[in-house]
Amino acid sequence: MFGTQFVYGNPATSLATDGDLRIVGLQDGSAITSRAVVIATGVSYRRLAAPGLDSLAGAGVFYGAATTEARALAGKRPLVVGGGNSAGQAALHLSTYAQQVTILVRSASLAASMSQYLIREIEAAPNIEVRYRTEVGGGGGDGRLEQLSLRHRDTGDTETEPAGGLFVLIGAQPFTDWLPAAVGRDRWDYILTGPDLAERWTLQREPYLLEPAHPACSPPATSGTAR
């Protein structure tokens with residue numbers, strides 16, 4: 001453990017400064033004082049709000065990377081939702097094992113959201129199909145995903161198809177809403193660090209690569225022992 005103290009079930013709710021010190025406020029009203037804070041709070045993958053999918057999460061419906069499930073898809077026909085690089089990389093990996101991979105994209109093109117090298121690889125793959133302006137309308141199965149309802153966004157037409165798996169890669173929401181506004185975030189709520197800080201940086205030196213803007217707010221009141 002390298003002398004590390006763990007605090008369970010008492011999440012961070014605020015971050016403030018007191019000179020060279022950083023003060024992390026906790027949910028129970030106490031605080032931890034330190035000279036450095038590492039923020040590694042993770043993300044929550046965005047989910048599809050389509051009927052029948054929530055109950056099948058982990059049973060044919062997967063959010064995030066597709067690496068661990070790929071080998072189980074030999075001879076099957078999975079679908080990938082998303083038009084970004086993560087979706088393209090997942091589709092290419094799945095195509096190594098699956099009979100056919102279908103990418104569902106809400107827009108009319110991949111060019112605005114996916115790197116060109118991935119687009120070229122997808123176009124060259126004989127067992128990858130891209131369906132544009134198409135979204136998942138619902139899903140079902142007996143204990144595991146077996147079919148999906150697909151809806152065309154322009155015509156409203158729907159069709160039900162068998163599905164060997166559904167991999168949803170439509171971005172993620174970082175757990176950063178507890179941070180003060182001074183710790184800059186982009187439009188997706190990811191923390192800005194290093195050269196991305198631009199005008200937010202006020203110190204004379206350049207920011208370190210993973211260093212965010214310093215919170216310029218008063219220390220929170222504490223009702224417990226600062227450690």
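Student: What should I know before we start?
Tutor: The model is predicted, so local features need pLDDT of at least 70 and side-chain atom pairs count only at pLDDT 80 or more, while totals for chains, interfaces and linings use all residues. Residues are numbered from 1 along each chain as its sequence is written, and side-chain values use heavy atoms, with hydrogens and water left out.

Student: How many aromatic pairs are there?
Tutor: Two aromatic pairs. Rings of Phe, Tyr and Trp (its six-membered ring) pair if their centres lie within 6.5 Å; planes under 30 degrees apart count as stacked, over 60 as edge-to-face and the rest as tilted.

Student: What about Phe6 and Tyr8?
Tutor: Phe6 and Tyr8 are a stacked pair, at 5.9 Å centre to centre with 10 degrees between the planes.

Student: Is Tyr8 buried or exposed?
Tutor: Tyr8 is exposed, at 69% relative accessible area. The cut-offs are under 20% relative accessible area for buried, over 50% for exposed, and partly exposed in between (1.4 Å probe, protein chains only). Phe6 is partly exposed, because its relative accessibility is 45%.

Student: And how are the rings of Phe62 and Phe167 placed?
Tutor: Their centres are 5.2 Å apart and their planes are at 20 degrees, so Phe62 and Phe167 are stacked. This pair links distant parts of the chain, 105 residues apart: Phe62 is in strand β5 (residues 61-63) and Phe167 in strand β12 (residues 166-168). Helices (H or I, at least four residues) and strands (E, at least two) are DSSP runs, numbered from the N terminus.

Student: Why does Phe167 count as buried?
Tutor: Because the relative accessibility of Phe167 is 0%. Phe62 is buried too, with a relative accessible area of 12%.

Student: New topic. How many salt bridges?
Tutor: Eight salt bridges. A salt bridge needs a side-chain nitrogen of Lys or Arg within 4 Å of a carboxyl oxygen of Asp or Glu.

Student: Which residue does Arg106 bridge to?
Tutor: Arg106 bridges to Glu135, with the closest N and O atoms 2.9 Å apart. Arg106 is in the loop between β7 (101-105) and α2 (116-124) and Glu135 is in strand β9 (residues 134-140), so the bridge ties together parts 29 residues apart in sequence. Arg106 is partly exposed at 47% relative accessible area, whereas Glu135 is buried at 17%.

Student: What does Arg151 do?
Tutor: Arg151 also forms a salt bridge with Glu135, with the closest N and O atoms 3.0 Å apart. Arg151 sits in strand β10 (residues 147-152) and Glu135 in strand β9, so parts 16 residues apart in sequence are tied together. Arg151 is partly exposed, with 31% relative accessibility.

Student: Which residues are linked in the network?
Tutor: Arg106, Glu135, Arg151 and Arg153 are linked by salt bridges.

Student: Where does Arg131 lie?
Tutor: Arg131 and Glu159 meet in a salt bridge at 3.8 Å, N to O. Arg131 lies in strand β8 (residues 128-132) and Glu159 in strand β11 (residues 158-162), so the bridge ties together parts 28 residues apart in sequence. Arg131 is buried at 18% relative accessible area, and Glu159 is partly exposed at 42%.

Student: Which residues form the nonpolar patch on the surface?
Tutor: Val43, Tyr45, Trp188 and Tyr190, with about 380 Å² of accessible area together. Patches use residues with over 30% relative accessible area and no salt bridge; like charges are joined within 9 Å, nonpolar side chains (Val, Leu, Ile, Met, Phe, Trp, Tyr) within 5 Å. Accessible areas come from the Shrake-Rupley method with a 1.4 Å probe, and for residues only the protein chains shown count as cover.

Student: Where is Trp188 found?
Tutor: In the segment after β13 (172-174). Trp188 is partly exposed, at 42% relative accessibility.
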